[in-house]
Amino acid sequence: MKAFIKEFKEFAMRGNVMDMAVGVVIGGAFGAIITALVDNIITPIIGAAMGGVNFSKLAITVGKAQIGYGAFIQAVIDFLIVAFCIFCLLKAMNKAANLKKKEEEAPEEPTTKECPFCKTEIAIGATRCPNCTSVLELNADIDLEPESK
Ligand SMILES: [Zn+2]
């Protein structure tokens, strides 16, 4: 039991619990908005398009059982709208995260290098060190003073 409590404490202390709680509360409020949208706007529009049927009361009676498929279709539409909204939200969040990542990675390009002879920092394009006047390796294959053969 002690180990269980300890494990729960560790789980609760991870910091995600508060985020999760906020998510649940916002999600609940969001769900109410979606339900209102579906019940009061989308369902009547579909009902009107189908010739004025009350959508949520669509049902078939088989023997003594009543199959309320209208309410089921409504729940599916409800779910599709929520799923679509969450998908859009995630996509926007991913895009924002990627942008931030790129901004952090951008200034990584070096503008200086180290002179292999005197170990001072010099411009990356330098072919001769301004401090010790050594010709740098980059230039080694270019014959400045060709040997006579
Ligand atoms: Zn140098």
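What percentage of the 149 residues in the protein chain do buried residues make up? Buried residues account for 2% of them. A residue is buried if 20 or more other C-beta atoms lie within 10 Å of its own, exposed if 12 or fewer, and partly exposed in between, with C-beta atoms placed from the backbone.

## Model and confidence

This is a predicted model, in which local features need pLDDT of at least 70, side-chain atom pairs count only at pLDDT 80 or more, and totals for chains, interfaces and linings use all residues. Residues are numbered from 1 along each chain as its sequence is written.

The predictor's confidence in each residue is given as pLDDT, from 0 to 100. The mean pLDDT of the protein chain is 77. A value of 70 or more is reached by 83% of its residues. Confidence is lowest in helix α2 (residues 16-49), with a mean of 78, and highest in β4, at 89.

One stretch needs care. Over residues 139-143, pLDDT stays under 50. For these residues the model has one contact beyond four places in sequence. Where pLDDT is low, the predicted coordinates should not be read in detail.

## Overall layout

The protein chain has three helices and four strands. Their pattern along the sequence is α-α-β-β-α-β-β. Helices (H or I, at least four residues) and strands (E, at least two) are DSSP runs, numbered from the N terminus.

Two residues are in contact if their C-beta atoms, placed from the backbone, lie within 7 Å. Take the contacts in the protein chain with a separation of 6 or more: residues 24 or more positions apart account for 17% of them.

Helix α1 covers residues 2-13. The expected span of a helix is 1.5 Å times one less than its number of residues. For the 12 residues of α1 that gives 16 Å, and the end C-alpha atoms are 16 Å apart, so the two agree. Helix α1 is hardly covered, and the count of buried residues among its 12 residues is zero.

Ile34 lies in helix α2. Ile34 counts as partly exposed because 17 C-beta neighbours lie inside 10 Å. Neighbours within four places in sequence aside, Ile34 is in contact with Asp78, Ile81 and Val82. Ile34 and Ile81 are 47 residues apart in sequence, yet their C-alpha atoms are 7.4 Å apart in space.

## The loop between β3 and β4

Lys119 sits in the loop between β3 (112-114) and β4 (121-123). Lys119 is not a glycine, but has a positive phi of about 60 degrees. Lys119 counts as exposed because it has 9 C-beta neighbours inside 10 Å.

## The segment after β4

Gly125 is found in the segment after β4. Gly125 has 9 C-beta neighbours inside 10 Å, so it counts as exposed. Between the C-alpha atoms of Gly125 and Thr111 there are 8.4 Å, and the two residues are 14 residues apart along the chain.

Thr133 also has its place in the segment after β4. Thr133 has a positive phi of about 60 degrees, although it is not a glycine. With 9 C-beta neighbours inside 10 Å, Thr133 is classed as exposed.
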